[in-house]
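Subject: Structure handover

Hello,

Here is the structure I promised, with my notes below it. Please read them with the model open.

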Amino acid sequence: MYILVTGSTSGRFRVQELDSAGAATGLDRRLTTPEFLALVRERDHDVVRWVWADTARIYPVVLRGNARVARCHDLRLCHVILRNSALTGGSVLANAPASRWDAPTAAAAEPAAAGATLFEMDLGAAEYDGVGHDGAGALPDDALAEFQAQLMAIRTCSDPGRLRLLLAAESVGALIAAEMQFAGLPWRSAIHDSLLTAELGPRVAAGSRPARLEELAARIRADLGDPSVNPDSPPELLKALNRAGLGVASTRAWELEKLDHPVIEPLLRYKKLSRLLAANGWYWMESWIINDRFHPEYLPGGVVTGRWATRGGGALQLPKQIRGAVVADPGWSFVVADAAQLEPRILAALSADTAMAAAGRGTDLYAGIVASGVVETRAHAKVAMLGAMYGATSGESGRLLPRLARAYPRALALTETAARAGERGDVVSTRLGRSSPRPGSGWQDDQARASEAGATTADERRARSQARDWGRFTRNFIVQGSAAEWALCWMAEIRKGLTALSAPAEDTGAAVQGRTTRGEFEVAPHLVFFLHDEVIVHTPAALADDVARIVTEAAGAAGRLLFGDFPVDFPLTCVVVDSYADAK
DNA sequence: CCGGGAGGCGCG
DNA sequence: AAAGCGCGCCTCCCGG
């Protein structure tokens with residue numbers, strides 16, 4: 001049973017009931033926002049999947065109305081997958097000309113605009129799919145046709161089960177992303193401020209240097225014998241370093257670390273601190289922290305591999321330096337969990353390499369590789385595995401690869417096959433059927449030119465280099481993308497478990513007019529952060545152990561969803577803490 | 001004045 | 001110029 005929801009600029013929703021084949025049943029109503037919210041509460045208990053154009057646009061309306069949905073089908077996200085998947089390459093959908101469903105997603109509203117709080121902002125419910133203008137100029141209401149085309153593409157593909165799981169996972173990911181943005185990550189501005197003050201000195205006006213940075217800049221100038229050099233300017237700094245007799249080609253920290261000179265220590269500290277100030281300083285805090293919550297905008301499917309991206313606030317790059325500001329509410333705790341060596345385990349399962357899977361059973365996978373006698377140290381095991389998944393050719397990683405290939409031929413053959421496909425310009429696909437993009441026309445042109453009669457050695461070298469670049473991309477795509485699918489399934493299972501844990505707390509009505517509320521996010525355990533292979537759940541402290549069990553069991557369930565009975569473990573490091581800084 | 005590329009660094 | 005993938009976002013700097 002599907003319920004198709006389309007929106008309108010006049011705050012009315014069109015709601016059409018569809019049967020399990022996606023055909024209209026005739027139930028077709030126009031509802032106001034309160035009526036729509038009432039319908040959501042009434043019908044979400046059934047086996048209903050809500051179908052809509054864009055979760056990021058419509059679901060905040062539901063959340064602000066203190067309601068939630070269990071399942072949805074996000075037409076925009078699913079369209080992208082089905083258009084690109086090799087599994088649906090012959091479908092009508094994939095071969096139709098580009099439409100508005102192929103347009104990039106519009107930027108959402110500014111988060112911290114002019115004193116508005118997140119809960120007062122218009123998150124774009126109106127006109128989220130551009131339909132429903134009651135006058136001239138309305139765009140065609142093609143959401144139903146699009147949904148039916150998607151169902152057809154799934155039904156007629158070679159492996160519908162995998163794609164159905166992928167689309168369900170992608171869509172529930174969109175729900176979770178909206179819920180996490182809505183709930184926010186607990187963030188203590190006072191602690192953040194004192195961390196900054198301890199590192200940088202007292203806060204100063206924007207545009208001037210805090211005391212610690214000013215002192216370090218003075219030392220750098222003195223040590224370089226250059227009273228005017230600006231340490232924020234790489235070209236100036238590079239010249240000054242060279243004048244001081246330091247033969248570096250860049251000012252990167254990893255290169256400076258190799259040098260022995262008095263200026264290096266203050267310079268590296270300057271770089272570290274100026275980065276903290278620029279990326280996560282007071283200005284960042286004022287822009288992104290509202291009422292002790294960080295509300296990043298997550299973008300499910302924002303990376304071609306299926307990983308999420310974020311927009312604004314740099315939520316996926318929170319430096320370890322400031323994680324001490326992430327503190328649970330009084331009486332609450334965080335359950336912080338992180339999948340151990342996720343990508344190599346995904347590779348073992350993808351390739352059905354039982355030896356590699358066995359090396360990770362009940363233990364650190366890299367330690368297991370050492371115990372199997374493949375390499376001598378854990379560091380070697382790790383760098384060799386990363387090299388296999390990223391396509392290392394030289395250095396220590398390159399030297400260790402043959403030993404890995406001897407011990408785990410199936411796993412290494414899979415990555416090699418993916419790389420060769422990319423080098424030819426072919427498409428590769430993840431476990432559940434997300435396919436890599438084709439290389440651009442420039443790439444194709446360069447390959448073609450290199451095989452023509454008049455090709456120069458420079459043409460050939462260039463084409464070969466680009467082919468290898470693309471091969472490294474496709475090599476990594478299957479692993480990173482399949483790991484992203486595991487993570488989506490993991491989060492979906494966590495969300496399901498958390499819902500069951502707090503099921504009795506059925507709420508009764510809409511938010512009080514004019515009041516801001518986070519609804520059940522104020523009383524029940526909920527996801528507040530996700531970072532590729534890591535989640536944070538904010539929970540009443542009394543439920544933390546239950547939550548930890550749910551999170552752990554969800555990892556096993558995700559593995560079974562992707563890989564059935566294949567004997568691969570997905571162990572977690574899972575801790576209950578008050579502060580994110582204590583997680584590892 | 002603005003936009004975009006480069007350099008650089010944070011995260012997985 | 002990071003060996004080897006994927007991102008976002010800061011400042012500086014240059015060209016239009």
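Two strands count as paired if DSSP finds at least two bridges between them. On that basis, strand S1 is joined to strand S4 (residues 49-52) by four bridges, and the two run parallel. Please keep in mind that this is a predicted model.

**Strand S1**

Leu 4 has Val 51 as its bridge partner in S4. S1 also pairs with strand S2 (residues 12-18), here in the antiparallel sense, over five bridges. In that pairing, Thr 6 stands opposite Arg 14.

How much of S1 is covered? Mostly: five of the five residues in S1 (residues 2-6) are buried. In a regular strand, side chains alternate between the two faces of the sheet. In S1, Tyr 2, Leu 4 and Thr 6 point one way. Ile 3 and Val 5 point the other way. Both sets are buried.

**The four-stranded sheet**

Now to an open sheet of four strands, in the order S12-S13-S11-S14, with antiparallel pairing. Strand S12 (526-530) and strand S14 (572-577) stand at the edges. Each has a single partner strand, so one side of each has no neighbour in the sheet. From one strand to the next, the twist averages 20°.

Helix H21 (residues 544-563) packs on this sheet. H21 touches S11, S13 and S14, and its direction makes about 165° with that of S14.

Strand S11 (residues 332-339) and strand S13 (residues 534-540) run antiparallel, joined by seven bridges. One pair to look at is Asp 338 with its bridge partner in S13, Glu 534.

**DNA strand B**

- Thr 251: an N or O atom in the side chain is 2.5 Å from a phosphate oxygen of DNA strand B.
- Lys 320: a polar backbone atom is 3.2 Å from a phosphate oxygen of DNA strand B.
- Gln 317: a polar side-chain atom lies 3.2 Å from a base nitrogen of DNA strand B.

By type, the residues of the surface near DNA strand B divide into nine charged, five polar and five nonpolar. Helix H11 (residues 264-280) gives the most to that surface, with three residues.

**Two single residues**

Is Thr 88 buried or exposed? Thr 88 has 2% relative accessibility; the cut-off for buried is under 20%, so Thr 88 counts as buried. Thr 88 is found in the loop between helix H3 (75-84) and helix H4 (92-95). Leaving aside neighbours within four places in sequence, Thr 88 is in contact with Leu 82, Ala 94, Ala 153, Cys 157 and Leu 163.

Gly 442 belongs to helix H19 (residues 441-450). Gly 442 has a relative accessible area of 38%, and is therefore partly exposed. From Gly 442 to Thr 354 is 88 residues in sequence and 40 Å in space, C-alpha to C-alpha.

Over to you.

Best wishes

Key. Residues numbered from 1 in each chain as written. Chains lettered and ligands numbered in written order. Predicted model: local features only at pLDDT ≥ 70, side-chain atom pairs only at ≥ 80, totals over all residues. Heavy atoms only, no water. Axes fitted to C-alpha atoms, helices over the stretch in contact; angles between N-to-C directions. Contact = heavy atoms within 4.5 Å. Buried < 20%, exposed > 50% of the residue type's maximum accessible area, 1.4 Å probe, protein only. Polar contact = N/O pair within 3.5 Å; in protein donor to acceptor, adjacent residues only side chain to side chain. Nonpolar A, V, L, I, M, F, W, Y, C, P; charged D, E, K, R; others polar.
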